[in-house]
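Hi everyone, thanks for making the time this morning. I'd like to walk you through one structure, beginning at the ligand and then moving out to the rest of the chain.

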Amino acid sequence: MTGSLEPFDLASLITAHDEGNYAEAVVPPIFQTSLFTFSDYDDMIASYRGEKVRPIYTRGLNPTVRMFEEMLAKLEAAEDALGFASGMSAISSAVLSFVEPGDRIVAVNHVYPDAFRLFGTILKRMKVEVTYVDGRDEEAVARALPGAKLFYMESPTSWVMEAHDVGALAALARRHGVVSMIDNSWASPYFQQPLTLGVDLVIHSASKYLGGHSDVVAGVVAGSKVLIGRIKAEAYPYLGGKLSPFDAWLLIRGMRTLPLRMKAHEAAAMTIAKRLQDLDVVEMVCHPGLSNRLPAGLNGTSGLFSFIFREGVDIRAFADHLRLFKLGVSWGGHESLIVPGEVVLQQKAQPNSAQTFGISARSVRLHVGLEGTEALWSDIEAAISAAS
Ligand SMILES: Cc1ncc(COP(=O)(O)O)c(C=O)c1O
C-alpha cells in the first residue's frame, strides 16, 4: 500500500515559489514583519477601499503565510486556504463561522479531544447542540443529518483509528444541505484529499505531518473561495489566531518532504503493526491498514496507530523501558512516541472524549517515526519482555 505521487506534483511542491523574485534564492525569505507601509496617500486610500489587495498588517495578510496557504491549497485540491496559529484555532474559527445559537452540529464519535471539549463547553454555552454518531454507520449518519448546520468528521480518528467512507458521508451531508468539514491530520493530503471526495472544508493540525519536524504548532483550513471567504471575513481577523510568518516558513520547509516522510511512516508503522498483531501479549491492533481494504479515497496509512495489550502486561514497565519511543503527546514529527490509554483516561479536563466514547485502559498509542523500523521493533520487543 503506497501512496502515489499523483495527483501530487512533487516538482512544484519542491520549487513552490518564484525564485526569480528573491535573487534566485532556493529558500524563500521570511516576511517577519507586523506591518507594510504605503507609498503615498492614494496608495493607502486605495487599500482601505479594497481596490488593491496587498499586505497591510500581518494579522490580515502576510506573504510568507500566503505562500504556505497557496501550497497547502494545491495539495488539498482547494481553491483557497487559511493558515492559523494552531489546529484548534483552525477548528474553532471554521466551526464558529458556520453556526449560531439554536443550530445543531453532527459529529463523528472519537473526534480529537479538544474539539470534543470545544463542542461541550463554548458551543454548549452558545446553545449549539452536538449530536454524535458512529461514522461507520451511514444509516445513523443519514438519520442525524436532517436539520443540522454542520457535519464534523475526522477520519481516520486519532486513537481508535476508525476510518470512514468519507465520500459516502460527504454525499449524505450534501443531500441534506449540511456543510461538511473533516479533520484530515492523520492521513495528510498525501494519502487523502477530502475535497476531491465531496467534503466542503478540510482542516489540519499542521503541527503534525505538514510540519513534520515537531517544531511548529499551526493549523490550516482549505476549501472553496466562498466558504474560506466566510471564515476570512470574521472569525479569522476577529478571533485573530494568525499563523506567524516564521511558522509558515517552517511549514513550507516541512511540506517539501511530505511525500517522502509519509511513505517512510507508512512502511515502518505497517511492519510494526503486523508484528504486534502476531504477539500473544497483544489482544488487538487498531490500524486501518490491517483491514481487508481501506475506505475509498484513503490511499495509504500514516505512522499513528494503537494496540491493546492482553491482561497481565505491566504498561508502566513497558512505557518506562522504551528508549526510542518517548512518552509524549502529539505526533507527525520525525520521532517515535507513545501514549498509554490509562493515562489519557485520567485526564482531569472535562468533558473527556476517551471516557465518553470509551477507550481501553490497556491500549497504547504509538507514533512510528523515522528512526528505522528494525531499531524501533527491537525497542518494542525489549520493552515487552520487561513488562510481561
Ligand atoms: C487529530 C487532531 N486534530 C487536531 C489537533 C489540534 O491541533 P493543534 O495541537 O495544532 O492545535 C490535534 C492535536 O494533537 C490532533 O491530534
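So, let's begin with helix 4, residues 87-96: with three residues, this helix gives the most to the shell around the ligand. Before we go further, please keep in mind that what you see is a predicted model.

Who else is around the ligand? There are 14 residues around it, and the ones that come nearest are Gly87, Met88, Asp183, Ser207 and Lys208.

Now for the contacts themselves. Which atoms of glycine 87 and methionine 88 face oxygen atoms of the ligand? In both cases the backbone is involved. For glycine 87, a polar backbone atom is 2.8 Å from a ligand oxygen. For methionine 88, a backbone N or O atom also lies 2.8 Å from an oxygen of the ligand. Tryptophan 331 uses its side chain instead: an N or O atom there is 3.2 Å from a ligand oxygen. On its own the ligand has 380 Å² of accessible area, and the protein covers 89% of that. And the space the ligand takes up is the largest pocket.

Side chains of opposite charge can pair when their charged atoms come close. How many salt bridges does the structure hold? The count is 14. One I'd like to show you is between the side chains of aspartate 43 and arginine 54, at 3.1 Å from N to O. Aspartate 43 sits in helix 2, residues 41-48, while arginine 54 is in the loop between helix 2 and helix 3, so this pair ties together parts that are eleven residues apart in sequence.

Last stop, some backbone details. Most residues other than glycine have a negative phi, and most peptide bonds are trans. With that in mind, have a look at alanine 77, which is not a glycine but has a positive phi of about 55°. You'll find alanine 77 in the loop between helix 3 and strand 1.

Then there are two cis peptide bonds to point out. One runs from serine 155 to proline 156, with omega near -15°, and proline 156 is in the loop between strand 4 and helix 8. Another joins glutamine 350 and proline 351, with omega about -5°; here proline 351 falls in the loop between helix 15 and helix 16.

That's my tour, and I'm happy to take questions!

Conventions. Residues are numbered from 1 along each chain as its sequence is written. This is a predicted model: local features need pLDDT of at least 70, side-chain atom pairs count only at pLDDT 80 or more; totals for chains, interfaces and linings use all residues. Side-chain values use heavy atoms; hydrogens and water are left out. A residue is near a molecule or strand if one of its heavy atoms lies within 4 Å of it. A polar contact is a pair of N or O atoms within 3.5 Å; within protein, one must be able to donate a hydrogen and the other to accept it, and residues adjacent in sequence count only if both atoms are side-chain atoms. Accessible areas come from the Shrake-Rupley method with a 1.4 Å probe; for residues, only the protein chains shown count as cover. On a 1 Å grid over the protein atoms alone, a cavity is a set of points where a 1.4 Å probe fits but cannot get out, and a pocket is an open set with protein on both sides within 12 Å along at least five of seven lines; lining residues have an atom within 4 Å of a point. A molecule sits in a cavity or pocket if more than half of its atoms lie within 2 Å of its grid points. Helices (H or I, at least four residues) and strands (E, at least two) are DSSP runs, numbered from the N terminus. A salt bridge is a side-chain nitrogen of Lys or Arg within 4 Å of a carboxyl oxygen of Asp or Glu.
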